[in-house]
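These are my notebook entries on one chain. I list what I looked up, entry by entry.

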Amino acid sequence: MLVAAGVRVIRPWEVGIYIRLGRFMGVLRPGLHWVPPFISSVYRIDLRTQVVDIPKQEVITRDNSPVVVDAIVYFRVVDPKKAFFEVEDYRMAVVALAQTTLRSVIGDMELDEILYNRAAINARLRRILDEATDKWGVRVESVEIREVEPSPTVKKAMEEQTAAERERRAAILRADGERRAAILQAEGEKQAMILRAEGERASRVLRAEGERMALILRALGEAQRLRILAAASAAMTPQALSILAMETLQELGRGQAAKIVVPYEVTRLLETLSSHLAGAAEKPQPGRADVEVLQEALQRLEQLLGPLPKSEDLMSEVKRLQEEAEQLRRQNPEKLEELLKPPKELAEEPAKNQAKQKG
């Protein structure tokens, strides 16, 4: 029984403080130990990391804002002898020290800094507590602020501030969106005006080119008509002129209005007509001299009016205009219908030609 009374078993996460007759005899490590009974005492100390909850503390911050703060402290005994002999109850001592340190640190900070800098507060608390508990053989491993609760009045003011800040950001975003929309609209109008100007310019160029070609074709037709008239009039005899004059008089006489016709050189005209009707004048036969005169007249007309354009030149000009129209079709298709309209003069040209032929 005496042997059994002196057996002490130290578990792996503990150490034993061995005291005999009021004297410290040593530290018992994990395992089986025997100490003299009745005169010896063994006090077990846990070496594992311990967690203590610091009760809620009402603190006034530096900017006079009341807040309620609580935290959690993680610590571990590293020197069992100091933890047993230097402090009566190291666990209660750590909790009390953490409370006072927490009140001191929070009271020296402003509310915004407390809300946004919890990591800095945790590091500062751990450093202060670790320095204070080092002489007790206790190491503070970590301190975590668990909750920071401002007073209801401060909380309401913070909510209003947050709402105002969000409204301000919304107004800024709305204004920025309107500005960007106005910029994009102005850019679109600018591009539209540029495209309209380009289309108008191309339209005017094509219209001017069409009018130029129309004038050229009319001039060429007039020159050809003059050549034909000149060539035909060079071979006309007086009898043919007399017949044409009579036909002209007949056309004039068909009208219902009263007319007075005074022909040029009436005497010669009547004389020619009477000679032709009576058979007095002989019918002249065109000879070689008349053909030479006709060729000379044609050469003079060629020198005066210039050579007639070839069909290849006209076709190349038309092809070039078609290529320009196709390019304009790709750039500005909405102007296609307006650009392809023929000029008013060209549209009226066939009617004028028919009237001339009838005349």
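Predicted model: local features only at pLDDT ≥ 70, side-chain atom pairs only at ≥ 80, totals over all residues.

I call a residue buried under 20% relative accessible area, exposed over 50%, and partly exposed in between (1.4 Å probe, protein chains only). Residues are numbered from 1 along each chain as its sequence is written, and side-chain values use heavy atoms, with hydrogens and water left out.

**Entry 1: whole chain.** I looked up the totals. The protein chain has 12 helices and eight strands; these are DSSP runs numbered from the N terminus, helices being H or I with at least four residues and strands E with at least two. Of its 359 residues, 23% count as buried. I take contact to mean heavy atoms within 4.5 Å. Among contacts in the protein chain with a separation of 6 or more, 68% come from residues 24 or more positions apart.

**Entry 2: helix α5.** I checked the length of α5, residues 118-133. Its 16 residues should span 22 Å at 1.5 Å a residue, and the end C-alpha atoms are 22 Å apart, so the two agree. The expected span is 1.5 Å times one less than the number of residues.

Which residues of α5 are buried? I find I121, N122, L125, L129 and T133. They sit on the same side of α5, because they cover an arc of only 100° around the axis. The arc is taken from the directions from the helix axis to the C-beta atoms. An α-helix has 3.6 residues a turn, so residues three or four places apart point the same way. A119 and E131 are exposed on the other side of α5. The cover over the buried residues of α5 includes β7, α3 (90-107), α4 (111-116) and β8 (138-150).

**Entry 3: E14.** E14 counts as buried because its relative accessibility is 6%. I take a polar contact as a pair of N or O atoms within 3.5 Å; within protein, one must be able to donate a hydrogen and the other to accept it, and residues adjacent in sequence count only if both atoms are side-chain atoms. The E14 side chain makes such a contact with the side chain of R11 at 2.6 Å, and another with that of R44 at 3.5 Å. Neighbours within four places in sequence aside, E14 is in contact with P30, R44 and I45.

**Entry 4: positive phi.** Most residues other than glycine have a negative phi. I noted L21, with phi near 55°, in the loop between β2 (14-20) and β3 (23-28). L21 is exposed at 67% relative accessibility. N64 has a positive phi of about 60° and lies in the loop between β6 (50-60) and β7 (66-77).

Is N64 buried or exposed? N64 is exposed, with a relative accessible area of 63%. S65 lies in the loop between β6 and β7, but S65 counts as buried at 10% relative accessibility. Not counting residues up to four places away in sequence, S65 touches V59, I60, L111 and V154.
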